[in-house]
Structures are given as C-alpha cells and as structure tokens.
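Hello,

I am passing a structure on to you, and I hope you enjoy looking around in it. Please have a look below, and then read on for what turned up.

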Amino acid sequence: MRRLDSTEIVLSRRQILAASAAAGAVAALPGQASAAKEGASDPSSLAFRQPEHTIADTHRVAAGHQAQVLIRWGDGVAVDAPAFDVFAQSAAAQDRQFGYNNDFVAFMPLPVGSLASEHGLLCVNHEYTNAELMFPGLTLKDKTEKLCREQVDVEIAAHGHSVIEVRKNGQSWQVVAASPFARRLSALTTEFQMSGPAAGHDRLKTKADPSGRTVIGTLNNCAGGVTPWGTVLIAEENFDTYFSGDPKKTPESVNHIRLGIKGKSRYAWSRFHDRFDIEKEPNEPNRFGWVVEFDPYDPTSVPVKRTALGRFKHEAATCVTLADGRVVVYSGDDEMFEYLYRFVSRDPIDRKNRRANVGLLDHGTLSVARFDKDGTMTWLPLVWGQGKLTAANGFASQADVLIDARRAADLVGATPMDRPEDVETNPANGRVYVMLTNNSQRKPEQVNGANPRADNRHGHVLELTPPGAGKGRIGRHDAERFRWEILFLAGQRADGATYHPATDKYGAWLSAPDNCTFDNRGRLWISTDQGSNQRKNAIPDGMYACDVDGPGRSLVKFFYGVPRDAEMCGPAFTPDNRTLFVAVQHPGEDKDSTFDRPSTRWPDFRPDLPPRPAIVAITKDDGGPVGS
Ligand code: FEO
Ligand code: CA
Ligand code: CA
C-alpha cells in the first residue's frame, strides 16, 4: 500500500486561485477577447456555443466538448466489489459498489498537496435512493409497503460516499482498478465518530451507543467542501426523511418537529431497523444533520461528525482561509424559510503538518445571518449563555445550542431565506455566492430585501461582500458585517428574472440554482435542480455559467443538460480547468417512472437496465480549458 504521509499543508484550489488572482493573472488570460461568438452585443467572456436548451432523454454539452460517463451506480469501487447484477443486487455487493444518487464531487489531486490535473481521487456523495427505479415491480406509491429487508439494506448501503482513483489518458478518464485509496463510506456498515461540543452528550446516546460518540452511517450527503489541509467535508441534509414514529411520543418532540420528522417516513427502513423508529430510539435523529470530515488520502481514517458546525439540513460546507490562518466554513440549511450559517475556527491552520489540523473544526464560533434592507448583513453568534441562548429557553449548554441550531437561530433573529443551498467563495474577488433554490410558500407580506419575491418558484443568487474583498483580495470573512446584493433573480424574463439583458438572446433561462463552483477566471458555474417542476417550467436542468464581474456580469449561458428527470450536482474542475466533473442525479425520477417503465434509460439505454445516476467528465476537444 502506498504511504500517504505528508507533512506539507495542502493548499486548497481556492487559495491557489486567490494567489494567482492577487498576482493579476485572472484578468489577463487568453480567450477573453473571443467572447461574443453569437453576436456583437454579447459582452460575456464565455465563448462556448450552448447546446439545445430543451429537456431530452439523454445528456448534451456545448459544441466542441465531450461528455464521458465515468462511473455509474453499481460499478465497482472497493477492490473486492462484485460485478453489478441489477436483478440480483445484494446489500453486501452494494456496500462495495458505487452508491446511488451521486451529488457532491471533489477532485483531490495525487500526490497529496500537488496541483495534478490528470491524476487524483474523486470523492463523491451518495445522497438518497429511488427504490422504484432500483428494483423491479415497485411504484412510488407502493414501495414502502413492498420492499423486503434485503432491498432496504441495499438502499442503506447505497447511501454515503465513494472514493475512487482516476487518471486521464489523452482526453479520456479512467477509474484506476485495485486502487489502495478506493473506499465506500456507507450508512449500513461504516463507523463514524462524533467530536466537538455535542459529542458524548446525553441527547446523542442510544441503546447501540451509550457513549454518544459512535454512529453507524451518514445520511443524505448532499453538497460538501474541501478543507485547506486536504480533507473532505460532506454535509448531511434531509436526514429527517428516514425516520418514522410520532414525535409527540418522544422527549425530543419540539426538536424532531422543527427538523421535519412527521410520523411516516417515505422509506421502509424503520420496518426492519428499530433505530429509524423514533418511538423506539428517540435520540437517533440527533446523530445526523452534521458536517462530516474525512481524509481521502488515508483509506483507514475514521470519518468524524464535527458538531461545532451545528445541526441542521446542511447543504455544502465550503472553506475559505483568513489572513491569520483561521478557517471559515459556510453552510446553507436547505429548506424554505431556513437560514445561512458561518463557522469561524478558533485556531489557525498548521501549515507545516497537515495532520495537526485534525480537530481544528472542533473549536470555533457558529453564526447565522441576518440580512437588512440597507444592503448590509450581520452574522449573529450562536453562543450558549449569550442573549436568549440560556437555560430559560431550554439551552443547558453549547451542546443544546448546536443540536437545536435552528431554534437558536430563530431566537437571535436570523433572516428566513428561500432555501439556501450551495455557498461558495469566489477566489478571484473574495465575494461569497449563495444559491437560493426557490420558495413557493413565501407570501407577499413575508418578502424581505434579500428574498424579494413572493411565490419564488425559480430562486435567485445572492452575492455577499466581506469587508476588504475585491479583485484579487479575499477579504475579512470573519467580520461581523458584510454587504449583500442580488446577482440575479432566476426564471424566465416574464417571471421577473433580472439576468443581463443579453441573456434573452440565448434563452438560457435557469431555474432553481443548487450547486456552484468557479473556474480559474472567477466565473460562476451553476448546477440546477427544479425537481418535479422541471417539466412544468420547461427549462432543462444542467450546468449554466456567467461572469460575475465586467460587462458580462449575470449574462447566463447554458453549458450542459442532464437527461430527463435528473438534477445536476457536484460541479468540480481540475486545477487546470481542462476537466469539469459533474454528477447526474436521479435520471428518470418522476411520479409515474419506474424500473419497469422508466422515463429514460440513460446512460446505458439497454432494455434490461434502468436509468443509473453517474459521474460525467467533460473535456474540450482541443484540450483547452472547459468553456473557454
Ligand atoms: Fe440535496 Fe439541497 O439538495
Ligand atoms: Ca443540492
Ligand atoms: Ca438538490
């Protein structure tokens, strides 16, 4: 087995980009002048010619690019993974194979600490399962009653995360066979440790774990992030959906109801596993809803749930490093009227010894955002003993504040948002971009400056500016107050969208911004997820891109379309931008779509195979940067 030691700190891609931006590299790269390919009035720096902006059975990418399916649900991950047989799938096999519904993707260069772009690890979240598309003979309506124990265990094993080693040969990417790094984290068998202020608390103890420090599994891993020391953060999002039972019959009823546990789960897991029945194991949900950290470069490392970052429906956990070496982690709580959070570490990174940073995320301050009408925003600390976060309101310690982070955020006066999903810092200008997916429940009397639309069906993108941020300057992300503005409201022009006027020429309307990333020139790449609204909106989900600075600011173009009834996740560039990895999640998910009669059979298009979530590697025919 390869040795994985490194005493060097791993610089995050963002730090490196920030450094190059500071050196003036961002503005002067070639290709910028060749924008405006489709009309003289187009000021965008993005020169690609978009594919047809329609919903289709298969995926499609901008002209001059290739989209290669790299790995699909059921393909081997662990060295001993058996071949995929969709008609004889077992939990033991699934526990070694690529999981379902790939979401977040991180490209981690090999060797550790390098900027390699043709060899690395792909770290991929598996958010949830669609049993009606995984097994014959089921429908959305009857699956919860019909699923057997083995099928349920396949579903549980298909959750979690995969690490695969990948290598580029010419223009083609391959999964490296028998890699020592290959690994599955699953919800069926993998042990996770709890750390930070809530670890070991009575509210985290169960019959199986009287210590409150050891949990089997991670659930609903949505987006995530990469730390500056080269570990991966994966965020537990809609963990409530797996639990059944009446919250009122538990001592945690206020907590469970606030997090959405309503009684009947859409999964059948509690029929076979008592821990998913809150009447039998009322504390089990408190062990989910955290940010998990693990080291992909050490296949023996134990993943850890870092409780200092709070418990809610985490979407993403993205890092930015302050000038003094402390780390800021941004995270959205993806539900209508929920909040945007920020964690600032107490201690700086140890740049000499990457292993010394284990535990850095256990100490620091969690805050939640309040947006004011005057274009400023304030970060409100969630610290036990301060303000209303006291015993009088049911908080006996910081552990209670973290376990009940939503309730604490209510009390300090945070601003209810339109589903905050991904949150990322642009290394070229230091500003923070927040994807607000949508909120059809917002009433006219509930609008506020940062969430200005009632019945917001298409979502919007917020741009936050910390003090000192600007071209080539990251700024002070630990400051109490930032400024905010809306980059654009999404949807079609008739819905009140506010993109750059030249967007109309392309008709590249997007709806439901979900995940995002930046290329080396600081341009924003957005992946979208309309869910079942995609058909009604007649807008394809996929990758979209726009400038955020200069005359092409908010001029949106369509780059890649997912197959029918899928959502787009996980955009991750290699450091050289010559590959963009994307995750096609839940192709064929629709109310009438089943294993037997799916709405698409992407990517295999074989009559004996259902659709399969998969990772796609996008490259440019001429070998240049993607989208250039
Ligand atoms: Fe898992 Fe908020 O998307
Ligand atoms: Ca998402
Ligand atoms: Ca999503």
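A residue is called buried when its relative accessible area is under 20%. Thr 415 has a relative accessible area of 6%, so this residue is buried. Please bear in mind that the model is a predicted one.

If we set aside the neighbours within four places in sequence, Thr 415 is in contact with Glu 338, Tyr 339, Ala 369, Arg 370, Phe 371, Asn 448 and Asn 451.

Now for the protein overall. There are 11 helices and 29 strands in the protein. The radius of gyration is 23 Å, close to the 25 Å given by the globule rule for 628 residues, so the protein is as compact as a globular protein of that length. Its C-alpha trace spans about 65 × 60 × 55 Å along the principal axes. Take the contacts between residues at least 6 apart in sequence, and 66% of them join residues at least 24 apart.

On the charge side, the protein has 74 positive and 79 negative side chains. The centres of these two sets lie 2 Å apart.

Which residues are its protein donors? They are Asp 514 (OD), Asp 529 (OD) and Glu 567 (OE), lying 2.3 to 2.6 Å from the ion. Along the chain, these donors follow the spacing D-x14-D-x37-E. Distant parts of the chain are linked here: Asp 514 belongs to strand β23 (residues 513-518) and Glu 567 to strand β27 (residues 567-573), with the two residues 53 apart.

One last stop is the neighbouring ion. The calcium ion (ligand 3) and the calcium ion (ligand 2) are 3.0 Å apart, and Asp 514 coordinates both.

Technical notes. Residues are numbered from 1 along each chain as its sequence is written. Chains are lettered from A and ligands numbered from 1 in the order in which they are written. This is a predicted model: local features need pLDDT of at least 70, side-chain atom pairs count only at pLDDT 80 or more; totals for chains, interfaces and linings use all residues. Side-chain values use heavy atoms; hydrogens and water are left out. Donors are N, O and S atoms within 2.8 Å of the metal (3.2 Å for Na, K and Ca); water is not among the atoms, so sites may look incomplete. Helices (H or I, at least four residues) and strands (E, at least two) are DSSP runs, numbered from the N terminus. The radius of gyration is taken over C-alpha atoms; the globule rule is 2.2 Å times the number of residues to the power 0.38. Contact means heavy atoms within 4.5 Å. Lys and Arg count as positive and Asp and Glu as negative; His and the chain ends are not counted. The place of a charge is taken as NZ of Lys, CZ of Arg, CG of Asp or CD of Glu. Buried means under 20% relative accessible area, exposed over 50%, partly exposed in between (1.4 Å probe, protein chains only).
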